[in-house]
Amino acid sequence: MENREHIVLGKTWEEWEAECPIVKDIRSLRETVWINPDKIPCQEAVKNCRLTMEDVLDASRRLERFAPYFEKAFPETALSHGIIESPLKRIPKMKGALEAWDKNEISGDLWAKLDSHLAVSGSIKARGGIYEVLKHAEDIAIENGLLHEGDHYEIFDSEKFRKLFSRYSIGVGSTGNLGLSIGIMSAKLGFQVTVHMSADARQWKKDMLRSKGVTVKEYESDYSVAVKEGRLQAEKDPYCYFVDDENSQTLFLGYSVAALRLKKQFEEEKIAVDKDHPLFVYLPCGVGGGPGGVAFGLKLVFGDHVHCFFAEPTHSCCMLLGMATGKNNEVSVQDFGVDNVTIADGLAVGRASGFVGALMRPFMDGCYSLDDGRMYQMLALMADSEGIYLEPSALAGMYGPLLKSHFPVFRDYLEKTGLADAESHGVHLVWVTGGSMVPENEMKMYYEKGKALL
Ligand SMILES: *Cc1c(COP(=O)(O)O)cnc(C)c1O
C-alpha cells in the first residue's frame with residue numbers, strides 16, 4: 001500500500017525527481033522558481049490560440065453594457081460610472097521596505113494593481129466571478145424575451161427581472177473569494193445561489209454570504225472536493241448553472257479584460273512598455289483562472305514586452321507542479337505528499353486548472369513558490385510602509401521583484417533574455433488580489449503575526 005501511494009502516473013517519486021528535478025523542491029516545501037522552457041514568441045502563440053482579442057473585447061463590451069445596472073444596484077460604483085476597476089498605485093515606500101527587509105536591491109519601479117480594492121467583493125474575483133454571472137443573466141433574459149438589442153441594462157434592477165431569475169439557481173465551489181463574488185452578484189440579481197465552501201474558507205466570508213440570503217454548504221475537505229460536490233448537485237437540476245472555476249472559459253475572459261483597463265492606466269501614468277522598458281507582472285495563483293486570464297490579456301496587449309510570473313504557497317504550488325511536470329491537472333500536490341494547507345486561503349488549491357495550464361503553456365514566463373511566513377511578513381511591511389492592508393494571498397506576488405537575488409535560475413533567465421540591463425528601466429507590477437473586505441479583528445491578527453515574524 002505504501003508503495004502504491006508513492007506512485008504517480010506510473011512513476012515513483014524518485015523517478016519524477018530524476019526526470020524533473022524541481023519536484024524535489026516541491027516535495028520538500030522549498031521555495032523555488034520554474035522558468036517555462038515552452039514559451040514561444042507571443043505573436044506565434046496568439047496565432048495558435050483558440051481565444052482571441054475579439055473574445056476579450058466581447059467580454060469588455062458586455063461589462064460596459066452592464067455599467068448602468070451597476071451604477072444603480074451598487075452605488076459604490078457610481079464614481080467609476082458602473083465600471084468595477086481597481087487603482088494602479090506606485091509604491092515606493094514598500095519598495096524601500098522590501099529592500100531593507102531582504103537586504104537586496106530592486107531595480108526598476110515598483111507598482112501595485114490594487115484588486116484588493118475592487119468594488120462589490122474586494123478581490124480579483126470581482127472580475128471573473130461577476131462577469132460569468134452577468135453573462136448567464138444576459139443569456140437567460142434574451143432566451144425569455146425580456147431583453148433586446150439596444151435595451152438599457154438598468155432594467156436588470158427590476159422586479160420583473162428578479163422574478164425571472166428567481167426560477168433559476170447558480171452554484172459554485174470556492175475557497176472563499178469566488179463564493180463571495182458569485183454569491184453577492186447572483187443574490188442581487190435575484191437568483192437562488194448555493195456556495196460550496198472548502199475547509200479553508202474563513203468564517204466571516206460564510207457569515208457575510210448567509211446574511212445576503214446565499215445558501216452556504218461547508219465541507220471538511222479541500223477545494224477540489226467542494227467543486228466536485230457542487231458540480232454533482234448542479235448536474236441534477238436543469239435550472240441550476242454551475243460556475244466551474246476549474247474549466248470556465250467565461251471566468252477566464254472576465255479576468256482578461258483587466259489588461260485593456262491596465263493599458264489605459266499605464267497611458268495615463270505615462271508608463272512605457274517596450275523593449276527597453278519591460279513590464280514584470282507577479283500574479284498570485286490558486287486554480288489559475290485569475291492569473292491566467294489576466295496574463296493572457298496582458299500578452300495580447302503588451303506582447304513580448306510583458307513577463308508574467310505566477311506565485312503560489314510552497315504548500316499549494318499546483319500550477320508550478322502541473323507546468324513543470326507537463327501534466328497539468330493530471331497531478332495534484334497531494335499526489336507528491338504535499339498537504340495543500342496554507343494561510344493564503346485564496347491560493348489553497350492542490351490541483352490546477354487543466355484548461356488554464358494548457359492554454360498558458362506557450363505564453364507563461366514562469367512560476368515560483370514562497371513560504372506562508374513571507375506572506376505574513378510582507379503583509380506587515382505593506383501596512384507599515386504604504387498603509388495598505390491586504391489578505392495573505394494578496395502578498396504572494398510581492399516576492400517577485402526579489403527573485404533574482406535569491407534564485408540563480410531567475411538571474412540566468414534575465415541574462416539569457418537580455419532583460420538584465422533593461423530591468424532597471426522597467427516596472428515590477430505586483431497584482432494585489434484581495435483584502436479590503438477582511439474584518440478588522442481578522443486583519444489585526446494577520447498584521448500582528450507578520451510583525452512578530454519580522
Ligand atoms: C482566487 C484568488 C487568487 C487566485 O485566483 P485563481 O483563479 O484561483 O488562480 C488570488 N488571490 C486571491 C485573494 C484570490 O481570492
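Close-up 1. Y413 is buried, at a relative accessible area of 7% (buried means under 20% relative accessible area, with a 1.4 Å probe and protein chains only). F309 is also counted as buried, its relative accessibility being 0%. The model is predicted: local features need pLDDT of at least 70 and side-chain atom pairs pLDDT 80 or more, while totals for chains, interfaces and linings use all residues. Residues are numbered from 1 along each chain as its sequence is written, and side-chain values use heavy atoms, without hydrogens and water. The rings of F309 and Y413 form an edge-to-face aromatic pair, 5.5 Å centre to centre with 85° between the planes (rings of Phe, Tyr and Trp, the last by its six-membered ring, pair if their centres lie within 6.5 Å, and planes over 60 degrees apart count as edge-to-face). Because F309 belongs to strand 11 and Y413 to helix 18, the pair ties together parts 104 residues apart in sequence. Helices (H or I, at least four residues) and strands (E, at least two) are DSSP runs, numbered from the N terminus.

Close-up 2. Seven strands form an open sheet in the order 3-12-11-10-13-5-4, with mixed pairing (two strands pair if DSSP finds at least two bridges between them). Strand 3 (33-35) and strand 4 (88-90) are the edge strands, each pairing on one side only. From one strand to the next the twist averages 20°. Strand 4 runs antiparallel to strand 5 (residues 109-114) and is joined to strand 5 by three bridges. R90 has W111 of strand 5 as its bridge partner.

**Close-up 3. Helices on the sheet.** Helix 13 (residues 289-302) lies across strand 10 (279-284), strand 11 (306-313) and strand 13 (427-432), at about 170° to strand 11. Angles run from 0 to 180 degrees between N-to-C directions, and axes are lines fitted to C-alpha atoms, for helices over the stretch in contact. Helix 18 (residues 408-416) packs on the sheet and touches strand 3, strand 10 and strand 11 (contact means heavy atoms within 4.5 Å). The direction of helix 18 makes about 30° with that of strand 3.

**Close-up 4. Helix 5 against helix 7.** Helix 5 (residues 53-73) and helix 7 (residues 125-143) pack at about 80°, with their axes 10 Å apart. Helix 5 is therefore roughly perpendicular to helix 7 (the term covers 65 to 115 degrees). Helix 5 contributes D58, A59, R62, L63, R65, F66 and F70 to the contact, and helix 7 contributes I130, Y131, L134, K135 and E138.

**Close-up 5. A cluster of rings.** Ring pairs link F66, Y69, F70, F74, Y153, F156, F161, F165 and F191 into a cluster.

Methods
Parallel < 35°, antiparallel > 145°, perpendicular 65-115°, else oblique. Phe/Tyr/Trp six-rings, centres within 6.5 Å; stacked < 30°, edge-to-face > 60°. Buried < 20%, exposed > 50% of the residue type's maximum accessible area, 1.4 Å probe, protein only.
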